[in-house]
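Me: Please take a close look at one part of this predicted model. Then tell me what surrounds that part.

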Amino acid sequence: MRRPISLYGLTFSLPLLIWQVLFFVFPLLFLVALSFWTVKNFALRPGFDTVNWTTIYGRAVFWQAYGTTLALAAAASVLTTVLAFPAAYAIAFKLSDTARRWAVFLMVIPFFTSYLVRVYSWQIFLSDNGIFNAILGWIGLGPFAMLNTPGATMMGYLTLSYPLVVLLQVFSLTFIDRTLIEAAHNLRCGRLRTVFEVIIPSARTGLVIAALFCFILSFGDFVSPVYLGGGKPTTLSILITDTTKSGQQWPRAAVIALSMIGTLMIVAFTAVTFAYRGKTK
Amino acid sequence: MTRTHRMSVDLTRRTLLGAGVAALATPMLARRASAAPTELTMLAWYGHAEPDIVAEFEAANNVKFVPKYYTGGDNMLGLISQSPPGTFDVILSDAEYVTALNENGYVEELDPADYDIADYFPEFQNFPGNWKDGKLFSLIARFGFLGVAYNTDALTAAEASTYKVFWDPKLKGKVGHFDWHLPNLGQMSLLNGNPEPYDIDEAGWEAVKERTMSLRPQVGGFFDYGGTFSSLNDGQMLAFCGIGDWITGVLRKNGAKVDSVIPEEGGLQWSECFSIGKGSAKADLAKKWIQYITSAKGQAKSAQMAAYPALIPNQKGWDVLQAENPDEAKRQGMTKDPGNAMDMIRTGRVKFRQWPIQQDFETWNDFWSEYKGA
């Protein structure tokens, strides 16, 4: 039976709807239209021409950047999830209530500082004359090239998403039904096996959503690949800036942006489907 | 007593109220006494509307500059094309983009009689792109050279005096690129011996691509404005392609061990020109600013800009700079000594940075993306 639309319901749902239409749907439609425009003498010309799509999809460098970005974001999601889980587990199960509150607070603190500033500060640690190489130098090692490498880019991605992933994992683990864990222990399930057979499956939704957030943030990030990765290898976000530098080619940049949005949507739907698979209301 | 006491309390309240009103009103009265400064919008590279350059002009003309800084000519054109006419009163543009500004109708025509063009070196009096069909649309205000930038602890000036140094095995992973195809590929073209680095046929272009690709294993990164500064400053990159004194001059001033040199294969010249934005409601003030910054006094100031130093085209500006700051004049080669900055141009050692002539702009940019991704 359909519920009648009430003024009360509209009052709360309309602002969100208006917001989404104004700041997501409308710009997205504009981006789609823009991808068919052309550029002449640095000026955008409205029209309907598929040249931008054929040009971008016909370029090997686009597919190379696409593969690189996809691989880096996927690796960041896996790495962040694996590294965040022990911390989230300890916060959720091992700490007292007070300590847990402090730990959550500590995970929020990084967001007080600009991400760009945090990434720049990593340069001081990772450069050839930086802190890490100085420490390694004391024991006769190095210097190792750490800055301007994919590894440094990954460090940036972790900086961006690690605190958020830990927080999401903590919330997910906190809501696990403790009787399931006790039951597993009563049935002589070992600690490690309990983690893999009970805790992780129970917290699957939260863990997958946390990894998804990491993927989304890393996939579109421009700061780390440029300031820690030294712009190599080229990621899609870098390719967008390169494209706009090429005679105001915003329509071609729109093609790349739409490809990124499409990819993120596919990944998000797949992840959400997997996260909620088998769940009932 | 009581009355007296109450009086004193009332008086105190009144005094307080009166003082408060007076304190609040004083700025308003002061503002009425001297008119509020006129805002003048400037679209420029960072540094051009900073106090070290504009403070004197602002004070003398009761003007307040409102800068909008961009990074790169495409960014500049984008900002203009997305803004209504009259948004920007003064526009600073790299010389390559001046023609596009004019062709798109973004700038007003200038009256040559308004400016001290006769004080300019002859080479700059009819600067390409500034004039069209005998009409003046912009005026060059400063320029600089691009060559090999290097860390003085890692390389000597003699070693850095050829672009071939970028292939030196000891620089593997230590060569940086300023992330813009035009200066980098122009330098590769010079290295290939092209007398006009941007006017090359298909065979020449293929050779430039091949030469550039061979440098890829040496490259440690591709950097924007900020990244270029930091990677040279902290020694992460030991040699840099596509830049010159506009970066190393600033770093040296702050104690970094870096320098730049015009190599034996020749260097490139970047140039910045001022125009008045189309539809500016304050065109007279904008004209006054261009008169100021292209005058001898303004030019000497511009040469020493804190954000990035530059050479200046006004001969009298050189004289003022030599009197004001002889060390900086000498450092930048703006003296009467042989081998000075003008001699570099006159002997053909430096060529204008410009858009490719026989290839599309996009062709060069597309190759640059491929090179970065290689």
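Reply: Start with residues 60-93 of chain A: the end C-alpha atoms lie 49 Å apart, and the span is 100% helix and 0% strand. Helices (H or I, at least four residues) and strands (E, at least two) are DSSP runs, numbered from the N terminus. Residues are numbered from 1 along each chain as its sequence is written, while chains are lettered from A and ligands numbered from 1 in the order in which they are written. In this predicted model, local features need pLDDT of at least 70 and side-chain atom pairs count only at pLDDT 80 or more, but totals for chains, interfaces and linings use all residues.

The unreviewed UniProt entry annotates 60-93 of chain A as "transmembrane region". Another span with that annotation is 253-276. Its end C-alpha atoms lie 34 Å apart, again with 100% helix and 0% strand. UniProt positions follow the numbering used here, feature names are shortened, and annotations may be inferred rather than shown by experiment.

Now chain B. Its 28 residues in contact (C-beta atoms, placed from the backbone, within 7 Å) meet 27 residues of chain A. H3 (73-81), H4 (95-103), S8 (219-223), H8 (225-233) and H15 (361-373) of chain B each supply at least two residues of that side. H15(B) gives the largest share, seven residues.

H4(B) also faces inward. Its buried residues (20 or more other C-beta atoms within 10 Å of their own, C-beta atoms placed from the backbone) include B:Tyr97, B:Val98 and B:Leu101. The buried residues of H4(B) pack against H3, S3 (90-94), S4 (131-132), S6 (139-151) and S11 (267-276) of chain B. Just after H4(B), B:Gly105 takes a positive phi of about 70°.

Definitions and conventions: Contact = placed C-beta atoms within 7 Å. Buried ≥ 20, exposed ≤ 12 C-beta atoms within 10 Å, placed from the backbone.
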